[in-house]
Amino acid sequence: MYNLSTVVRHAVIAAAVFCGLSTPVSAQLTIPITTAHNALVLHADATGRLNTLYFGEKLTDTSDYSRLAISRRDGADILSSAYTPAGSTSLAEPAIAVTHTDGNKSLDLRYVSHTTTSENANVSTTAILLKDPVYALEVTLYYKVYANDDVIEQWSRIDNKEKGPVTLDKYASANLCLKADRYWLRQYHGDWAKEMQPEESQLTHGIKTIDTKLGARADLFEPSVFMVSLDKPAGEDEGSVLYGSVEWSGNFRVDLEVDPNDDLRIIAGINNYASPYVLKPGQQLTTPAFLYTFSARGKGEASRNLHRWARDYKIPNGRGDRLTLLNNWESTYFNFNEDTLRGLIKDAKKLGVNLFLLDDGWFGNDYPRNDDHAGLGDWQENRKKLPNGLIALVKEAQQDGVKFGIWVEPEMVNPKSDLYFRHPDWVVKQPGREEHYYRNQLVLDLANPAVQDFVYGIVDSLFIKNPGLAYIKWDCNAVIYNAYSAYLKKDQSQFYVDYVRGLYHVLDRLRAKYPAIPMMLCSGGGGRVDYGALKYFTEYWPSDNTDPLERIFIQWEYSYFYPAIASANHVTNWGKQPLKFKIDVAMMGKLGFDIPVAKLSPADLAFCQNALKLYGEIRSVIWQGDQYRLSDPHIADMASMLFVDSARSSAVLFNYLANNRYGAGNKAPIRLKGLDPAKHYRVQEVDRYPGSRSGRENNGVYSGDFLMKIGLDPQINSSRTSVVIRLTAE
Ligand code: GLA
């Protein structure tokens with residue numbers, strides 16, 4: 001434990017790029033937060049105000065740290081606050097704003113102490129305690145460092161030690177400060193079937209905000225993932241780039257401000273929109289984490305760091321296995337019965353997948369779920385469709401050596417349901433206003449503990465009643481209109497926060513009881529893909545848009561932030577490309593099928609079966625390997641994605657024609673990355689449709705050196721639209 005009175009002067013690794021620096025003055029206390037390659041250096045000045053001295057690549061000469069100091073230019077210091085408080089000397093966009101018990105709105109935070117605790121050689125957490133000298137309000141800033149991954153999770157805890165309630169008007173997770181000549185932001189927008197549409201632009205002075213106010217299905221129009229390149233747009237292998245994301249499945253807000261010092265201030269966390277949060281005396285609020293990684297060697301390294309981190313520390317069973325599956329959604333929609341499903345289970349076995357996933361439409365009796373207008377909330381098997389219950393199907397699947405999984409959407413309710421009539425007070429809606437629906441449904445009030453128990457109970461009882469149930473697809477198809485919680489009564493401003501906390505509480509309980517069950521995170525497609533939710537889910541559904549050409553682009557953008565093992569990709573009837581193209585695209589993640597298997601020609605069925613066998617051999621490289629984006633379909637005719645295992649002895653290269661204009665195709669060999677130059681690799685085109693032409697150079701042995709300097713030519717053109725190449729070191 002350090003404190004100001006002992007004035008510790010650390011030798012710190014830092015420099016080159018610093019926030020708001022001009023004349024060196026004597027440092028009072030510096031707190032370096034370092035990863036393998038980077039440093040975030042904080043500084044408490046003589047008055048105890050905590051500022052960011054530096055964020056970027058760490059320096060080798062640690063004594064350079066003593067050269068850093070905060071500028072004394074009027075106003076300059078307030079911009080680099082490590083957690084900007086509102087209402088005292090800082091006039092910049094705050095990270096935290098409060099209303100004290102007495103109605104006063106000023107806050108001034110001063111350093112008190114800090115500690116660093118290590119979990120192991122890679123993971124440590126620095127906690128910095130700040131306190132208002134006038135009011136009994138404390139803020140602790142947490143920096144959880146994953147050193148070898150160059151990843152930091154940052155959050156804050158706000159403690160009300162005043163005698164009465166304190167209202168938190170804003171309570172960000174983190175407040176970063178970076179310095180560069182210019183900044184380029186890559187952000188995303190979207191909608192149903194159009195997830196992860198990128199836009200890149202130079203940031204100008206003032207504040208750019210990325211946020212959502214949708215409550216649930218919160219990322220539908222805009223997810224919280226973004227990246228900022230410093231000085232110039234970063235490439236895959238060069239340039240400085242920060243990736244950021246809020247680990248929160250509800251309303252988030254990220255402000256990016258190019259300030260009067262030309263520094264970039266990033267303030268990220270829960271959206272304070274309609275959400276002043278009241279802390280009673282003695283209460284505290286811990287924010288979700290803002291996740292970030294920084295690379296001075298381009299976007300590729302940043303992605304690979306994040307992927308490794310996600311597999312090791314965030315996604316359940318990130319280093320483990322996944323189940324291939326056959327889903328019935330697109331082959332039956334709501335129209336099935338027990339016989340249909342028995343047939344599909346047999347089809348799953350014939351195809352060679354691990355699991356059959358029963359989608360929407362299996363429940364509801366007074367209000368049968370025969371379309372999306374009724375039944376949500378009534379989670380009893382529909383007696384007409386499933387007279388012998390789910391258990392009969394689970395057993396049938398077991399006999400066939402196939403696992404059985406099921407779709408649920410337990411946070412939601414159709415007004416046409418028993419649940420709606422039994423528990424009107426559980427439904428999020430405004431008492432005096434007309435109801436307004438999204439996909440004909442309303443959201444249940446997860447701020448209410450009784451609703452949390454109900455939602456937990458739905459999934460728990462599915463497992464209890466159906467031993468052997470092996471997989472859950474958890475959907476969330478509506479945004480929150482007319483936000484109002486009957487449970488919270490006068491505390492409505494806590495609703496958006498307590499909803500997400502309620503959801504996490506349910507998921508925590510489920511994960512405590514069922515730690516190993518694979519679960520898919522779905523939200524009408526990718527409406528809820530974030531690392532707050534992915535703590536609980538083994539995989540996510542990127543989009544209902546499974547047209548493989550669209551998926552190349554959608555999966556490309558997700559790949560910046562999320563590892564392939566978590567991307568559930570299904571082969572469906574969307575898109576006009578050949579079956580092989582669809583399977584190849586779906587293989588770049590967790591492969592599944594959602595097609596009427598019975599309608600496949602014998603040749604197509606055999607092709608699927610062989611593809612699944614091949615996938616069994618290459619999937620660990622895709623799931624656990626390092627991912628390299630080689631040819632960007634936004635710029636080139638061809639999309640190329642490479643996965644290389646950690647021993648650099650196996651690799652898989654996927655190539656696709658992403659442009660249908662006359663003469664489109666790759667013009668030159670594609671240079672590979674991440675191989676061992678000294679090794680020799682057998683190159684083999686795989687997953688070829690019987691009778692199709694193999695590429696000239698795609699069978700033979702090449703050195704890693706050759707493949708990385710000269711490359712290989714997948715010969716992508718209008719007659720070879722999808723080519724998968726496997727490389728095996730000899
Ligand atoms: C959402 C999902 C689909 C499917 C349907 C069922 O749209 O994204 O995959 O499960 O719900 O209603």
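In which sense do strand β22 and strand β31 pair, and over how many bridges? Strand β22 (residues 325-327) and strand β31 (residues 590-593) run parallel to each other and are joined by two bridges, where two strands are taken to pair if DSSP finds at least two bridges between them, and where strands (E, at least two residues) and helices (H or I, at least four) are DSSP runs numbered from the N terminus. Within this pair, L326 has F593 of β31 as its bridge partner.

The model is a predicted one, in which local features need pLDDT of at least 70 and side-chain atom pairs count only at pLDDT 80 or more, while totals for chains, interfaces and linings use all residues. Residues are numbered from 1 along each chain as its sequence is written, and side-chain values use heavy atoms, with hydrogens and water left out.

The pair β22 and β31 belongs to an open sheet of eight strands with parallel pairing, in the order β29-β28-β27-β24-β23-β22-β31-β30. Because β29 (539-540) and β30 (568-571) stand at the edges with a single partner strand each, one side of each has no neighbour in the sheet. Helix α8 (residues 495-513) packs on this sheet and touches β27 (469-474) and β28 (519-521), contact meaning heavy atoms within 4.5 Å. The direction of α8 makes about 170° with that of β27, with axes fitted as lines to C-alpha atoms, for helices over the stretch in contact, and angles running from 0 to 180 degrees between N-to-C directions.

An antiparallel arrangement is found in strand β6 (residues 110-118) and strand β7 (residues 123-131), which are joined by eight bridges. A hairpin of four residues connects β6 to β7, and T116 has T126 of β7 as its bridge partner.

On a 1 Å grid over the protein atoms alone, a cavity is a set of points where a 1.4 Å probe fits but cannot get out, whereas a pocket is an open set with protein on both sides within 12 Å along at least five of seven lines, and lining residues have an atom within 4 Å of a point. The largest pocket has a volume of about 550 Å³, a volume being the space filled by probe spheres set on the points, which are joined across faces, edges and corners. Of its 25 lining residues, T287, P288, A289, Y504 and K535 are the closest to the centre. Helix α8 gives the most to this lining, with five residues.

The second largest pocket holds about 340 Å³ of space, and among its 22 lining residues W192, W329, R439, N477 and D544 lie nearest the centre.

The largest cavity has about 100 Å³ of space, and of the 15 residues lining it, M196, D219, P223, G526 and Y558 lie nearest its centre. The second largest cavity has a volume of about 80 Å³, and its lining includes Y540, Y558 and M641.

Side chains of opposite charge can pair when their charged atoms come close. Counting a salt bridge as a side-chain nitrogen of Lys or Arg within 4 Å of a carboxyl oxygen of Asp or Glu, the total is 44 salt bridges. One of them joins R342 to E338, with the closest N and O atoms 2.6 Å apart. Because R342 and E338 are four residues apart in helix α4 (residues 338-351), about one helical turn separates them.
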